[in-house]
Each structure stands twice: as structure tokens, then as C-alpha cells.
Amino acid sequence: MIKSSRRVFTRWITGVFAALWTGMASYPFFRYLISGTQKKQAGAELVTSISMGKVDDFIPGSAKNFKFGSAPALLVRSEEGEFYAYNAICTHLGCTVQYSDEKKKIWCACHGGVYDTVSGKNLAGPPPKPLKALSVEVNEGEIIVSRA
Amino acid sequence: MSSVDYGEKFYSWLDERVGISGLIKVAEKKEVPVHKQSMWYYMGGIAMVLLAIQGLTGILLMVYYVPEISSAHSSVLFINTQIDFGWFVRSLHSWAANILIFILFVHMFSAYFMKAYRKPREITWFSGMALLVICFAFGFTGYLLPWDEIAFFATKIGLDIAAKTPFIGATLADMLRGGSEIGQGTISRFFLIHVILLPIALVAVAGIHLLLVQLHGMSEPESFKKAKKKKYEKFVPDFLVKDFMVWLFFFNIVAAVVALFPWGLGPEADPFAPAPAGIKPEWYFLAMFQFLKLLPPHIGPFEGEILGLMFFGVLALILLVAPIVDTGKNKFISKCFDIYGILFTIGFLGFTVWGILD
């Protein structure tokens with residue numbers, strides 16, 4: 001009985017030390033991998049607004065995909081002549097959306113998600129949420145897109 | 001105890017599917033001789049652990065390293081200064097590489113002096129020599145990648161030495177260099193060789209080496225063969241547990257060395273700057289470097305350097321052919337190889353120390 005419990009104890013203590021050692025030895029490698037991802041994202045958040053050129057460059061019913069910080073974005077001029085900008089990441093599985101001339105709606109080519117041009121609301125297909133909106137201002141004929 | 005032993009349950013589940021107990025039965029039969037020189041049996045295992053460290057840290061370094069001429073140095077600097085434990089991973093890779101070369105020398109010479117290369121272990125010896133060459137190639141190609149001053153000149157000198165090989169040398173050096181000058185072409189080629197070609201070669205040759213060691217078992221030195229009372233211990237678990245303890249101890253020592261003396265990074269390579277004063281190769285090339293310095297530019301009709309390099313070639317060749325010449329049938333030849341080994345070791349150590357002090 002004594003022999004058996006001593007063996008069990010030794011096994012346990014060896015296991016505990018092995019686990020502690022493994023944890024200690026793996027910690028630097030875990031931090032090594034994770035710290036690079038955190039550093040890259042920090043730099044990307046700095047962009048707050050961007051100039052998209054002159055109003056006259058966009059005819060009503062047209063759009064342009066562009067880079068906003070590290071993320072893709074979409075500027076749309078509706079048929080009525082109003083400007084709208086969105087974070088162009090589909091809320092379904094993260095594809096980049098585009099403006100469809102045919103549908104007159106924002107559309108995702110990956111799984112056919114459709115969003116409203118004016119509100120960014122998800123209208124059809126699998127997207128669960130509306131697109132994240134950016135704010136658009138027109139200042140003396142120049143279009144400025146900034147974080148909402 | 002009434003609790004179910006889950007470990008045993010899992011073992012029998014696995015055994016029914018992959019026949020693990022058959023392998024264990026084979027392993028249990030394996031025995032290791034116990035004698036005064038038993039400590040040398042651990043060297044191969046230590047080399048294996050160091051290679052595993054190289055594989056792991058090499059993969060981790062590739063996460064951030066950029067093999068492009070204007071980014072290579074800054075990406076290593078980024079690893080060293082910006083990434084958590086980046087200095088540790090990079091230092092571990094450099095330190096373990098150097099310690100590995102040292103352990104391989106010890107492993108090779110312990111096998112040499114114990115005459116472990118004799119029948120039936122000739123191919124084990126040849127594959128071991130091939131592994132040493134592969135590790136040298138790892139060292140040479142990896143040395144360039146941080147693209148610092150010393151890396152640049154070490155590669156330049158190394159490739160110029162390779163170019164001196166008769167007939168094929170110049171073409172070979174150009175192929176490795178990717179042109180007449182060291183640049184992006186060299187970095188791309190060395191990176192490819194370092195992370196793809198050499199690892200494949202290493203796994204293949206190390207596989208053969210290990211398989212042969214399992215097939216023949218541990219070599220027994222002459223003194224042990226003649227002994228009246230021979231002592232053996234079981235490989236599983238006795239030797240394996242000790243092996244494991246040695247690995248663990250060794251890994252901790254390496255980690256401590258890395259933490260206390262992190263590996264540095266020189267200024268970025270400038271192909272148009274002069275070589276820095278006091279530039280020296282890595283310690284394992286130092287003996288050759290010091291010896292070549294002694295030679296005059298010309299010896300008779302030959303270039304001194306080429307003769308020196310051919311001399312090193314002959315020295316290495318004698319080590320390589322040891323199993324073919326020293327079969328154990330002739331006592332005189334056996335003695336000659338002993339003396340050669342001693343002279344080689346003394347010469348190597350002497351020139352290395354001289355090179356360090358010089």
C-alpha cells in the first residue's frame with residue numbers, strides 16, 4: 001500500500017514539474033508569435049480621414065473602392081447625387097464588397113450579399129449586419145471621408 | 001484503488017490500432033553497454049536535441065525575417081528589439097548552431113577514438129560525416145542572412161575559397177552567388193538552401209544514421225569487448241531516462257547562456273565599405289584561417305592558398321576513409337589512425353586557440 005501510494009505521488013509530482021517546465025519553456029515562444037500581430041495593428045489605426053478628390057470626379061450612380069488606413073473602404077455617389085462611404089468589409093465572412101451598376105446596390109461577390117447604398121443596411125443574402133458607415137463631408141467641392 | 005486508469009485504457013485503445021506494444025518489445029530488448037567511456041554515448045542525442053532547437057527557432061525566425069536585401073538586416077533588428085523574446089529566439093538559434101558544431105566534433109572524435117566506424121558501422125560513419133558537412137553548410141548559408149557587415153565578408157571569403165576549387169570552382173561560386181557580386185541573388189539562394197534544401201537533406205541522412213544506430217546498437221570499445229565481466233543496461237527505460245535528463249540539463253544550460261550572452265547584430269552590410277579591422281571567421285573555421293595565414297603566396301609553381309586547401313581536403317579525406325583502411329585486422333594501421341586522430345585534435349585545438357589569441 002505504501003509502495004503504491006509513493007509511486008502515485010512520484011508520478012504526480014513528476015507530471016506537475018513537467019507541465020510547469022513545459023509552460024515556462026513555451027511562454028517565450030508564445031509571446032514571440034503574439035507580439036508581432038499586436039504591433040502591426042497598432043500602426044494601422046492612425047488614419048482618421050482621407051481626401052477622395054473632387055465631387056465632379058464622380059458621376060451619380062458610381063462608386064470607388066479605396067484604402068482607408070489598413071482596411072478597404074467604398075465611396076458611393078447615389079443616383080440622387082449624395083455621397084456615402086462604408087467600411088467595405090462584408091459582415092458575412094469578410095470579403096471586400098463593391099457597387100453593382102446593375103443592381104444599384106452594394107454587393108458582395110463571394111456569397112451574393114446585398115446592402116442598401118444609402119443606409120448600408122443588409123438587404124439580401126447571408127450578411128447578418130449592416131456595413132459599418134464612414135462619414136462623408138464635402139468641403140468646397142472636395143470630398144473628405146473620415147471615421148464616423 | 002477503484003478509480004479507472006484512463007492512461008491504461010488509452011494505451012490499450014492505441015495498441016489495438018497501431019500495435020505499439022510490438023515496438024516497445026523491440027525497444028525493451030535494446031541494451032546499452034556500461035563502461036568508463038559510456039558518457040560519449042550521449043553526444044548523438046544532444047546533437048539531435050540541438051537540431052530540434054534549430055528547427056523550432058528557425059521556423060519562428062521565418063515568421064518575421066524578410067529575405068530581401070533592403071529589409072533583411074532591419075527585419076533581424078526588428079526581431080531583436082521589437083518582438084517579445086525576439087532576442088531570445090534569435091540568440092538561441094545562433095548559440096545552438098555553434099554549440100551543435102562543437103558537439104558534432106566531440107561526437108565524431110569519440111566515435112573515431114573508440115573505433116566505432118569499423119564493420120558493420122561503416123555507413124553510419126559515412127552518414128555522420130555527411131551530416132557534419134550538411135551542418136557546416138547550414139552554418140555558412142545561415143551566416144549571411146542577417147546581412148550585417150561580418151556576414152557579408154564571411155560569405156565573400158567563403159565563396160572566393162570555393163571559387164578556387166579546380167575546374168568547377170568558379171562556376172559553382174557564381175551559381176551560389178547568383179552573379180559576380182554578393183547581393184539579392186545571394187540572399188535568395190542562401191535562404192532557399194538554408195530553409196528548404198538542407199533541411200530535406202538533413203532529415204534524409206539523419207534518418208539513415210539513426211536507423212543504422214538502431215540496427216547495430218551501440219558500438220563497444222575494444223577494452224569492453226575483452227573484459228570478462230560485461231555490464232549492460234536496458235535502453236528503455238534506464239538509458240532513455242538518463243538521456244532525457246541530459247537533454248533537459250543541456251537545454252537549460254543553453255537557455256542560460258543565451259540569456260546571459262545574447263547574440264549581437266553588427267551594422268548593416270555595405271558592399272562598398274572596406275573590411276573591418278580584426279575580422280575573423282567563426283571559431284570552427286579559425287584553425288584553417290590561422291594555418292592559411294602562415295603560407296606564402298606561392299609554393300613552387302602552385303598558389304600557397306590552393307595547396308593549403310588541398311592539404312585540408314586530404315586531412316578530411318583520411319578521417320572519411322578510416323573505416324575502409326582501419327578495419328581492425330592490422331594493429332600498426334590501427335595505431336597510425338590513433339596517432340593521426342591525436343595529432344589532428346592537437347593541431348585543430350592549437351591553431352584555434354592561436355587564432356583566438358592572435
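How many salt bridges are counted between chain B and chain A? In this predicted model, the count between the two chains is 1 salt bridge. It joins the side chains of R31(A) and D84(B), with an N to O distance of 2.4 Å. Polar contacts between chain B and chain A were also counted, and they amount to 7 residue pairs, with both residues at pLDDT 80 or more.

On chain B, three helices each supply at least two residues of the side that touches chain A: α3 (43-64), α5 (86-113) and α11 (235-260). The largest share of this side comes from α3(B), with 5 residues. By residue class, the side of chain B that touches chain A divides into 14 nonpolar, 3 polar and 1 charged.

In terms of residues, the contact between the chains takes 18 from chain B and 12 from chain A. The area that chain B and chain A bury between them is about 1,400 Å², and carbon and sulfur atoms account for 72% of it. Of the area that chain B buries against chain A, 36% is supplied by Y64(B), D84(B) and F85(B), more than by any other three residues.

Within chain A, an open sheet is formed by 4 strands in the order β5-β6-β7-β8, and the pairing is antiparallel. The edges of this sheet are β5 (98-100) and β8 (122-124) of chain A, each of which pairs on one side only. Strand β6 of chain A (residues 105-107) pairs with strand β7 of chain A (residues 114-115) in the antiparallel sense, over 2 bridges. W107(A) stands opposite V114(A), a residue of β7(A).

Chain B was considered next by domain. The domain assignment gives domain 1 of chain B as 35-268 and domain 2 of chain B as 283-358. Taken over C-alpha atoms, the centres of the two domains are separated by 22 Å. The contact between them takes 19 residues from domain 1 of chain B and 25 residues from domain 2 of chain B.

About 2,000 Å² is buried between domain 1 and domain 2 of chain B, with 71% of this area given by carbon and sulfur atoms. On the domain 1 side, the residues that lose the most area to domain 2 of chain B are Y112(B), R118(B) and K164(B), which together make up 27% of what that side buries.

Across the interface of domain 1 and domain 2 of chain B, 4 salt bridges are found. One salt bridge in chain B is formed by the side chains of K164(B) and E303(B), at 2.9 Å from N to O. K164(B) is also one of the three residues of domain 1 that lose the most area to domain 2 of chain B. Polar contacts across the interface of the two domains comprise 11 residue pairs, both members being at pLDDT 80 or more.

Two helices of chain B, α5 and α6 (122-144), each supply at least two residues of the side of domain 1 that touches domain 2. With 8 residues, α5(B) gives the largest share of that side. The residues on the side of domain 1 of chain B that touches domain 2 of chain B divide into 13 nonpolar, 2 polar and 4 charged.

Definitions and conventions
Residues numbered from 1 in each chain as written. Chains lettered and ligands numbered in written order. Predicted model: local features only at pLDDT ≥ 70, side-chain atom pairs only at ≥ 80, totals over all residues. Heavy atoms only, no water. Contact = heavy atoms within 4.5 Å. Buried area = accessible area lost by both parts, 1.4 Å probe. Polar contact = N/O pair within 3.5 Å; in protein donor to acceptor, adjacent residues only side chain to side chain. Nonpolar A, V, L, I, M, F, W, Y, C, P; charged D, E, K, R; others polar. Pairing = 2+ DSSP bridges. Domains from an automatic or database assignment.
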